[in-house]
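Thanks for coming. I will go through one structure today, from its surface to a few side-chain contacts.

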Amino acid sequence: MAALSFCSSSPPRILHKQSKSSFFPSSASSSFTQTVGELFANPFSVSRRFRGAVNSTVVSDESGNAKLPSSPAKKLRNIMQSPGVLQGPCCFDALSAKLIERAGFPYCITSGFSISASRLGLPDKGLISYGEMVDQGQQITQSVSIPVIGDGGNGYGNAMNVKRTVKGYIKAGFAGIIINDEVCCENTKSERRVVSREEAVMRVKAAVDARRECDSDIVIVAQTDSREAISLEESLIRARAFTDAGADVLSVDSLVSREEMKAFCNVYPLVPKLANMLESGGKIPILNPLELEEIGYKLVAYPISLIGVSIQAMQDALLAIKGGRIPPPGSMASLEEIGEILGFDTYEEEEKRYATSSSDREVSSSSVYRNQRVAKDDPEQREDLIVEVITPEVYNEPRNPFSRIWSRSLRIKIIGRDGFEKLDVRIPVSPLSRAIFRVLSELMQNLSYGWNRPDSWKVSQTLFQL
């Protein structure tokens with residue numbers, strides 16, 4: 001490990017010799033110590049990294065004194081101090097993240113596999129770019145109040161790319177980021193390849209340095225795929241090295257038995273472990289939360305549950321539509337439920353706070369639309385219109401061989417009581433156009449702006465006679 005010391009300005013943290021509170025900044029602050037003393041056995045304070053945290057908000061107590069800002073990372077770290085194992089379903093867009101929060105989960109995780117599927121319709125083979133992942137992640141973090149752990153993959157390149165990835169995820173509002181040691185983003189049906197142990201540790205060190213340079217406290221989750229690529233022993237060695245390099249949470253993918261899972265959790269037992277419960281096609285045993293807690297896990301991810309059921313539901317719905325049916329009511333949310341999930345009521349309540357005077361509202365686009373709808377529905381509020389049918393004009397176009405077919409034009413002008421012209425159109429007519437005007441006369445009976453009034457029949461009859 002001595003050869004790696006140049007990547008960090010401070011010696012590696014030996015977290016397995018520290019208490020749980022060591023996952024938080026350690027600089028002293030008496031005011032903050034009093035605030036969180038009830039939550040943690042060993043008091044600690046927030047370092048200056050919190051002062052520049054993304055999406056941080058400064059709150060005040062009853063006396064008006066400003067308190068320390070709250071960041072997504074701080075929320076996640078507080079959650080990780082709560083007892084029991086913490087389930088984190090994987091989302092792939094803002095809507096799926098909203099549903100996770102609505103279901104009561106304390107945090108969620110983005111899935112690169114699912115985002116690649118939903119955003120690109122392509123497999124997770126390194127095709128989705130860093131920029132696309134950051135953009136998708138920002139939409140997700142802005143849509144929920146719970147902390148979100150982002151899937152950073154292999155960091156999209158070497159250690160310098162890892163630093164850029166971590167900084168981008170911090171700006172996007174993520175509470176944590178997962179960095180793995182894969183050569184590229186590979187999944188399921190192909191053999192996994194990992195970088196050397198030294199390069200893998202360098203990625204973690206680069207992530208830690210990027211966190212410090214951003215004055216952030218983002219939670220760094222270091223994941224190794226070396227169990228499948230090399231051996232269990234190698235994966236455990238890398239897990240220890242990742243911890244010494246500064247990782248906050250550890251994860252070993254593709255463990256094949258409870259015994260291997262226990263061996264992993266015994267590596268620095270006080271360091272939180274993340275279990276990746278791959279629901280279909282994975283090698284890791286699928287255990288319930290109580291079983292995972294007993295083994296020693298703190299966090300558990302469900303990577304393809306939401307994208308999997310979404311695909312199946314859409315396929316079922318399309319099959320029903322293709323067969324001339326619609327999806328049964330029990331298989332889809334009602335319009336009211338969709339509106340509630342998306343926050344239509346909340347939006348309208350908030351919109352009222354910014355309502356202007358009645359005169360201003362009348363000229364707004366939304367109010368104009370609303371007034372038009374009322375006018376259509378209420379006969380008393382319909383506008384009286386002046387309908388003028390001008391005598392057909394004969395025109396000649398000697399250069400046009402088809403001029404005799406359309407030798408007349410009918411001009412219809414509609415003027416409102418306010419003096420504004422509503423319609424002024426010329427319609428070519430011929431003896432062969434009776435069927436066209438028959439259809440037109442029927443349509444005019446159903447048009448808005450008073451076409452169902454008695455005087456509109458005169459226009460309709462005039463057209464029909466022509």
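**Surface patch and ring contacts**

L95, L99, I338, L342 and F344 make a nonpolar surface patch of about 440 Å². Two elements give two or more residues to that patch: helix 3 (94-102) and helix 13 (335-342).

Before I go on, the basis. This is a predicted model, where local features need pLDDT of at least 70, side-chain atom pairs count only at pLDDT 80 or more, and totals for chains, interfaces and linings use all residues. Residues are numbered from 1 along each chain as its sequence is written, and side-chain values use heavy atoms, with hydrogens and water left out.

Now the terms used so far. Patch residues have over 30% relative accessible area and no salt bridge; like charges are joined within 9 Å, and nonpolar side chains (Val, Leu, Ile, Met, Phe, Trp, Tyr) within 5 Å. A salt bridge here is a side-chain nitrogen of Lys or Arg within 4 Å of a carboxyl oxygen of Asp or Glu. Areas are Shrake-Rupley with a 1.4 Å probe, and for residues only the protein chains shown count as cover. Helices (H or I, at least four residues) and strands (E, at least two) are DSSP runs, numbered from the N terminus.

One of the patch residues, L99, sits in helix 3. L99 counts as partly exposed because its relative accessibility is 38%; buried is under 20%, exposed over 50%, and partly exposed in between.

Next, the aromatic pairs. How many does the structure hold? There are three aromatic pairs, with ring centres of Phe, Tyr or Trp (its six-membered ring) within 6.5 Å; planes under 30 degrees apart are stacked, over 60 edge-to-face, the rest tilted. Y130 and Y156 are an edge-to-face pair, 6.0 Å centre to centre with 65° between the planes. Y130 is in helix 5 (residues 130-143) and Y156 in the loop between strand 3 and helix 6, so this pair ties together parts 26 residues apart in sequence. Y130 is buried at 15% relative accessibility, whereas Y156 is partly exposed at 23%.

Y169 and F174 have ring centres 4.8 Å apart and planes at 25°, so that pair is stacked. Y169 is buried at 1% relative accessible area, and F174 is buried at 5%.

Last, a residue in the loop between strand 3 (148-151) and helix 6 (159-171): N154. N154 is buried, at 9% relative accessible area. A polar atom of the N154 side chain lies 3.1 Å from the backbone oxygen of V183.

Conventions:
Buried means under 20% relative accessible area, exposed over 50%, partly exposed in between (1.4 Å probe, protein chains only). A polar contact is a pair of N or O atoms within 3.5 Å; within protein, one must be able to donate a hydrogen and the other to accept it, and residues adjacent in sequence count only if both atoms are side-chain atoms.
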